Amino acid sequence: MTKSIEQIPAPAPMPLFGWRGTLWQLFSDPLNYLQKLRQQHGDVFAFVRGGNPPIFFPANGRPHTLMAFGAEFNRQLLSNSDVFYSGPLLGPMHPMGEVNARRSVLKRLGTGLFGVNGIEHRRQRRLVMPAFHKQKLGEYYQDMIRIIQWNLDSWKLNEQRDIWNDMMNITLQVAAQCLFGLDIRREGQAFGDLIQEWLHHATSPQTVSLQIDLPGFPYHRFLNLSHKLDTTIRELIQQRRNAEGQDVLSLLLNSRDENGNPAFTDDEIIGHSVIFIIAGHETSSNALAWTFFLLSQHPQVMKNLRLELDEKLGSQTPAYDSLKQLTYLDNIVKESMRILPPVPMSARVVASPIELGGYLLPIGTEIGFSHFHTHHDSSIYQDPETFNPSRWQHINPSAHEYMPFSAGIRACIGMPFALMEIPLILALTLQRYRLELVPNSKIDLNVGITISPKHGLSMFIRPADGNYEAGAGNVKGTIRNVVNL
Ligand code: HEM
């Protein structure tokens, strides 16, 4: 018999602190705390008995937030997109609660594909899809190579660099070029700086928690930056209109619907292009940084990879079609995103009453599900905390068991772009250099919308001399809770 939402297991509100206590524990250490709650309450539970303010979609105003764990719940949530809705990416800052002219810019910048559902989502997704077709990717490829090589040329042997920061810069430069047609060494520099500062504010706790639009407050600065970004992209749209650009902005501008009319309004184009940057920038940088880290701690894997690079590429720059011959590198990227999925969790909100796990969920119920915990489930993966790229030679998990890019109709549209950029950066870097972790590094996880290394990733740039044992071992920090080192 279907039970009511009030009967879902949940921790009792904490004495004195109520729901705030539970949420505080959640935000302090999400991965472990969720695992603990799952052990206590089972695969479906609510965060706080009696309800809590909305967490994932703050504007929805409904009290219940659940978690659902496991491949079968992933399947149910991801294959029924007409009931389980997605929401805008800027979350707490989107202006559905209180709309005014200053805040409405956030809706434009933070919505894109994430904020549309049903038929409208399918329509818009179909129209932006050509930006990620194979032929289009081939056009981005040479730009990517140029930007990556230009960055690698500036690295000096034996210097210490924050590789996480480097990856953030390279992927931003690639995005500015491929999405907006801007060369970061020329006119793109100011745009890159603007995006970087804007992204920093968009995800900073000070901006999210204190939404006070008065001079001196971070939120005020964030709104100013949002308006500047909006105006800058509007100007770019004017320049690109009727031009023959290869970038995504030009593609969206020239795109036509079935009646031959422009497929998107300027506001929609701004939303899509900014969302591509938000969704694609940190995710790809984190995947890259974690892969460099994992390789530095697994010398044998690195040696095998080196053999593959020598055998299949030598000192040649990989041609577009030869990337897919790097099968061991492909296994490494898969395994890295299994053990440290750049997006650890996602969420949906119920659009019409539905049963899940034996409970009737009313409209507005939020449900979180975890890519991370699915990837660390020992019933799916043997020794889930072990980084073992070779496992991919004999496993073939379903789309709901392995889902760094999610699954179903809302799966990551940028996946082909990311799966070209990530191996390309890894291959070009490791053909030239050996990246050695600075001894005794403390690697703590920063878990938010993405998982990133909290203090960056300091590494020495060494010649590609094969001395892969150097720098392996003695790592400290919370990384050890999720990866066997
Ligand atoms: C390693 C890199 C990346 C990872 C791990 C990743 C992961 C994801 C995940 C998990 C989702 C689904 C979120 C949900 O279900 O709520 C998603 C959606 C999305 N991603 Fe990515 N992503 C990456 C790179 C990119 C890139 C490079 C772009 C664009 C250039 C991009 C654009 C998008 C968009 C627009 C969506 C929304 C799709 C929709 O709702 O139809 N992503 N991504």
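Tutor: Domain bounds here come from an automatic or database domain assignment. On that basis the protein chain is divided into domain 1 (1-82 + 344-403) and domain 2 (95-338 + 408-433). The model is a predicted one.

Student: How far apart do the C-alpha centres of domain 1 and domain 2 lie?

Tutor: Each of the two domains is assigned two stretches of the chain, 1-82 + 344-403 for domain 1 and 95-338 + 408-433 for domain 2. The distance between their C-alpha centres is 28 Å.

Student: How many residues does the contact take from domain 1 and from domain 2?

Tutor: Contact is counted for heavy atoms within 4.5 Å. Under that cut-off, domain 1 contributes 19 residues and domain 2 contributes 18 residues.

Student: Turning to the ligand, which residues are the closest to the ligand?

Tutor: The ligand is surrounded by 27 residues. An N or O atom in the side chain of Arg348 is 2.7 Å from a ligand oxygen. The closest residues are His121, Arg125, Arg348, Arg410 and Cys412.

Student: Which element gives the most to the shell around the ligand?

Tutor: Elements that give two or more residues to this shell are helix H5 (118-128), helix H12 (266-296), strand S6 (345-350) and helix H16 (415-432). With six residues, the element that gives the most is H12.

Student: How do the residues of the shell around the ligand divide into nonpolar, polar and charged?

Tutor: The shell draws at least three residues from each of domain 1 and domain 2. Gly is counted among the polar residues in this scheme. The division is 16 nonpolar, eight polar and three charged.

Student: Now the salt bridges. How many are there by the rule used?

Tutor: Side chains of opposite charge can pair when their charged atoms come close. The rule asks for a side-chain nitrogen of Lys or Arg within 4 Å of a carboxyl oxygen of Asp or Glu. Arg434, Glu436, Arg462 and Asp465 are linked in a network of such bridges. The count comes to 27 salt bridges.

Student: Is Asp230, which forms a salt bridge with Arg234, buried or exposed?

Tutor: The closest N and O atoms of Asp230 and Arg234 are 3.6 Å apart. Both residues are in helix H10 (residues 218-240), and because they are four residues apart, about one helical turn separates them. Arg234 has 26% relative accessibility and therefore counts as partly exposed. Asp230 has 6% relative accessibility, so Asp230 is buried.

Student: Which parts does the salt bridge between Arg241 and Asp266 tie together?

Tutor: The closest N and O atoms of Arg241 and Asp266 are 2.8 Å apart. Because the two residues are 25 apart in sequence, this pair ties together the loop between H10 and helix H11 (248-254), where Arg241 lies, and helix H12.

Student: What is the relative accessible area of Glu308, the salt-bridge partner of Lys312?

Tutor: The side chains of Lys312 and Glu308 meet at 3.5 Å, N to O. They are four residues apart in helix H13 (residues 299-312), about one turn of the helix. Lys312, at 35% relative accessibility, is partly exposed. Glu308 is buried, and the value for Glu308 is 9%.

Student: Which residues of helix H1 are buried?

Tutor: Buried means under 20% relative accessible area. What covers the buried residues of H1 (residues 19-28) includes helix H2 (30-41). The buried residues are Gly21, Thr22, Leu23 and Leu26.

Student: How far apart in space are Gln39 and Lys324?

Tutor: Gln39 is found in helix H2. At 62% relative accessibility, Gln39 counts as exposed. Gln39 and Lys324 are 285 residues apart in sequence, and their C-alpha to C-alpha distance is 40 Å.

Student: Last, which residues does Thr374 touch, not counting residues up to four places away in sequence?

Tutor: Thr374 lies in helix H15 (residues 371-375). Thr374 counts as buried because its relative accessibility is 3%. With those sequence neighbours left out, Thr374 touches Asn74, Ile380, Tyr381, His400, Glu401 and Met403.

Terms used: Residues numbered from 1 in each chain as written. Predicted model: local features only at pLDDT ≥ 70, side-chain atom pairs only at ≥ 80, totals over all residues. Heavy atoms only, no water. Buried < 20%, exposed > 50% of the residue type's maximum accessible area, 1.4 Å probe, protein only. Near = heavy atom within 4 Å. Polar contact = N/O pair within 3.5 Å; in protein donor to acceptor, adjacent residues only side chain to side chain.
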